[in-house]
Amino acid sequence: MHRVLSVLPKETGTGRRGVLRNRPDVGEIVVDLVLGRRSGADIAKRTGVDYETVQRFKKRFLTDEVRKVVLAESQQAEANKLDAQINAGQDEVQHGLRSIIDEQKKLYKEIRANRDLDGNEGILAMLLRDQGQSLERLLKSYTALKEKTTIVLSINESPEWSKLQEVLYATFAEHPEAFDTFRALTRERRLRLE
């Protein structure tokens, strides 16, 4: 939420201060509007302002940069949530593996200690074999879950992209020959910058 608030434009002018811009929950309002979690009418009702006030707020403060930051933060939050779910799954698998290993150790001790198991040694041996196969399958699953997940954002989703575009535009306006070089290099390296 801090990044969203840091790119939210400041109020300018000498007129009446914006009711929504000065609320302590302005970050939540911005996120709700950008992500469409609540409608403008719902926000107006909840905050006690007119629908037109919400529309003016959107027009004045929800810039492209704010939208990009909100979308990037939302994607990061979803990635973090997914990572937490994966980690919880890994913990469950690890706990399951430990319990199987403990159970196998217990059965091995039982077989070694009691050679006279009333003919049930074969059954116990089959059970241990089945558990060994289950353990092997769980290890494969656990190994697959241990792989690191990598989240890749395109350059267009980065909040810094608009700033970089402005810098490039200013540079190319001052040095037109640099634009030709830049264009040739992006084609050569097959960069998509739209």
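These notebook entries record what I looked up in the predicted model shown above.

**Conventions.** I number residues from 1 along each chain as its sequence is written, and I use heavy atoms for side-chain values, with hydrogens and water left out. Since the model is predicted, I required pLDDT of at least 70 for local features and 80 or more for side-chain atom pairs, while totals for chains, interfaces and linings use all residues.

**Overall fold.** I looked up the secondary structure and found 8 helices and 0 strands. Helices (H or I, at least four residues) and strands (E, at least two) are DSSP runs, numbered from the N terminus. I noted that 26% of the 194 residues count as buried. Buried means under 20% relative accessible area, exposed over 50%, and partly exposed in between, with a 1.4 Å probe and protein chains only. Of the contacts (heavy atoms within 4.5 Å) with a separation of 6 or more, 63% join residues 24 or more positions apart.

**Helix α2.** I asked which residues of α2 are buried. They are Val-26, Gly-27, Ile-29, Val-30, Val-31, Asp-32, Leu-33 and Val-34. With 8 of its 10 residues buried, α2 is therefore largely enclosed by the rest of the structure. Just after α2, Gly-36 takes a positive phi of about 70 degrees.

**Packing of α2 on α4.** I found α2 (residues 26–35) and α4 (residues 51–61) packed at an angle of about 85 degrees, their axes 12 Å apart. Axes are lines fitted to C-alpha atoms, for helices over the stretch in contact, and angles run from 0 to 180 degrees between N-to-C directions. The two helices are therefore roughly perpendicular; under 35 degrees counts as roughly parallel, over 145 as roughly antiparallel, 65 to 115 as roughly perpendicular, and the rest as oblique. Val-26, Ile-29, Val-30 and Leu-33 in α2 meet Val-54, Phe-57 and Lys-58 in α4. By class, this contact has 6 nonpolar, no polar and 1 charged residues. Ala, Val, Leu, Ile, Met, Phe, Trp, Tyr, Cys and Pro count as nonpolar, Asp, Glu, Lys and Arg as charged, and the others, Gly among them, as polar.

**Leu-33.** Not counting residues up to four places away in sequence, Leu-33 touches Gly-40, Ile-43, Val-54, Phe-57, Lys-58 and Leu-62. Leu-33 and Val-54 lie 21 residues apart in sequence and 9.3 Å apart in space, C-alpha to C-alpha.

**Largest nonpolar core.** Among its 20 residues, Val-30, Leu-33, Val-54, Phe-57, Leu-62, Val-66 and Val-70 touch the most other members. Such a core is a set of buried Ala, Val, Leu, Ile, Met, Phe, Trp, Tyr and Cys residues joined through side-chain atoms within 4.5 Å. I noted that α2 gives the most to this core, with 6 residues.

**Helices α7 and α8.** The axes of α7 (residues 161–174) and α8 (residues 176–188) come within 5 Å and cross at roughly 125 degrees. That makes α7 oblique to α8. The residues of this contact divide into 7 nonpolar, no polar and 1 charged.
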